[in-house]
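Here are my notes on the two ligand sites. Please read them next to the model.

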Amino acid sequence: MNINTVVTAPYADQCPGTSGLRKKTQTFITQANYLENYIQSCLCVVDVDKHQPIIIGGDGRYYNDIAIQQTIRIALGNGFTDIRVCQRGLLSTPACSHLIRHCQATLGFVFSASHNPGGENGDVGIKLNVANGGPAPVSLTDEIYAYSQQISHYVIADTADIDLMDCQYYRFGEARVAVIDGVGDYVKLMQSLFDFALIRDYLTSNRLQFDAMHAITGPYAKAIFVDCLGVDANDILNATPLPDFAGQHPDPSPTTAKTLYNTAMSPDCPFSLLAASDGDGDRNMIVGHKLFVNPSDSLAVIAANHTAIKQFQSLPFVGVARSLPTSRAVDVVANALGIDCYETPTGWKFFGNLLDANRINLCGEESFGTSGHHIREKDGIWAVLCWLSILATQKQSVSAVMQSHWARFGRHYYARYDFEGLSVQAGEQILADLTQKDTKSLQFNQQDCTELGHFSYTDPTNQSHISHQGYQVKFGESARFVVRLSGTGTVGATLRLYLEVFDSDFMQQPDVVVAPLAQHALAFIDLARYHHTTQPTAIV
Ligand code: G6P
Ligand code: ZN
């Protein structure tokens with residue numbers, strides 16, 4: 001095996017965002033060594049035993065084939081001797097997290113821009129996970145970025161493409177590249193965490209519809225829902241991963257999973273539960289007949305009903321966590337259960353240490369992410385299995401489960417307004433200027449503002465500190481809004497406004513309840529000063 005050293009020059013924009021490095025596909029295609037620089041930077045900075053396994057896969061999107069083959073070569077060039085790449089290159093983010101832990105791998109690459117569109121005009125992403133199975137922590141991504149800013153060469157093996165169709169081994173001197181099954185171990189994990197007999201029995205008289213959005217969860221959904229749980233294969237929509245996701249946006253939301261959502265809202269919907277996942281399989285959307293379950297509520301319901309889930313039956317249920325903009329519905333449940341509840345910055349990486357330290361069993365985010373201590377990523381199919389377990393145990397519809405939840409705990413009405421297409425400068429200025437506001441007379445629904453400011457977080461396990469993670473304005477327990485900039489976009493800036501209003505009357509319309517708070521927040525931010533419109537581009 002020949003190893004070549006290739007001279008290269010840094011790219012100033014290789015700073016990873018909320019979830020890895022994400023750029024337009026064209027950036028990777030047209031800018032020489034863009035991928036290679038970043039992979040080399042990752043492999044130089046991670047301080048790991050090069051004889052331990054590393055895992056490589058992706059969500060099937062355009063350019064993954066090139067990214068995977070080049071990463072194998074660069075890993076070989078850098079002296080890694082146990083490279084495990086998934087069959088057909090297909091690996092979901094949660095399955096990668098599990099494989100890392102299961103094989104005692106030191107790191108894993110998932111080539112995915114998550115819920116962002118794919119294809120030649122879409123996005124490409126590189127997610128790096130570390131030995132606990134979780135996303136690389138900020139300290140590491142900072143180092144990777146610093147390295148990428150002074151990179152002068154990368155090292156690459158001169159080897160042919162590996163055939164990824166069948167599981168087999170390839171030897172290169174003392175190094176081995178193994179093509180492995182990216183699905184089977186994850187299926188076994190789910191079988192160990194849930195009572196499949198209970199769910200299978202429930203599904204004999206109740207139907208699940210699942211939309212894999214032509215992204216990574218198709219093979220996993222077929223193996224779990226169809227082969228293990230008896231779901232009709234026709235009830236898995238868009239089950240074949242495609243490089244451009246059939247031109248769709250692989251985002252499990254009411255607007256992008258429209259067919260499924262419309263079915264759920266139709267009067268004669270035949271399904272008891274409808275769900276979808278995203279590009280790389282870590283997000284989930286849960287919908288019942290005529291009821292969209294807000295992700296913050298979903299987290300609270302899973303916490304409140306954790307005893308219905310086998311995974312949570314064997315260990316003490318000690319704590320939960322949510323990101324700052326996620327509604328406080330789960331806090332109320334935690335309080336009732338007498339367990340800890342942590343508030344972290346946005347980004348799954350902040351849950352990892354809490355999970356490692358056994359401080360929490362369950363965590364989630366408003367951005368359609370939920371998971372437990374079984375891995376260190378959010379897990380779309382897992383969340384669906386949690387809901388199936390709850391429905392099978394309670395023998396009630398999704399809307400009955402929600403109503404009894406709200407009747408017991410009250411309801412946190414919630415919405416997220418997204419303002420896309422801001423300039424980066426305008427976005428940053430808005431956040432910077434919030435500090436200067438006159439806040440003396442801030443009130444909402446006769447309730448004074450009780451707390452406001454930029455959110456900072458000190459990780460209780462290692463005291464690492466991070467500031468400016470969104471601006472929060474609280475009106476006691478009754479209302480709150482949060483403003484932050486998205487960290488996952490690839491063009492301009494997206495401002496997100498998160499709105500939460502608590503009311504014990506749970507039968508109101510969410511959009512009606514949060515609208516006055518939205519007006520209040522927009523006036524406070526003074527968005528019109530910075531942007532040509534105050535109309536959100538999307539309301540989630
Ligand atoms: C990714 C991360 C999530 C995070 C989300 C926020 O999906 O994995 O943990 O909540 O990004 O996205 P945003 O666009 O709001 O930064
Ligand atoms: Zn994702």
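Predicted model: local features only at pLDDT ≥ 70, side-chain atom pairs only at ≥ 80, totals over all residues.

1. Residues are numbered from 1 along each chain as its sequence is written, chains are lettered from A and ligands numbered from 1 in the order in which they are written, and side-chain values use heavy atoms, with hydrogens and water left out.

2. The zinc ion (ligand 2) is coordinated at 2.0 to 2.1 Å by S114 (OG), D278 (OD), D280 (OD) and D282 (OD). Donors are N, O and S atoms within 2.8 Å of the metal (3.2 Å for Na, K and Ca); water is not among the atoms, so sites may look incomplete. Along the chain the donors are spaced S-x163-D-x1-D-x1-D.

3. Ligand 1 is surrounded by 15 residues (a heavy atom within 4 Å); the closest are E365, K378, S486, T488 and R496. Domain 2 (186–409) and domain 3 (411–539), with bounds from an automatic or database domain assignment, both give residues to this shell, so ligand 1 lies between them.

4. A polar side-chain atom of E365 lies 2.5 Å from an oxygen atom of ligand 1. For S367 the corresponding distance is 2.7 Å, and for R484 it is 2.7 Å.

How values were computed:
Polar contact = N/O pair within 3.5 Å; in protein donor to acceptor, adjacent residues only side chain to side chain.
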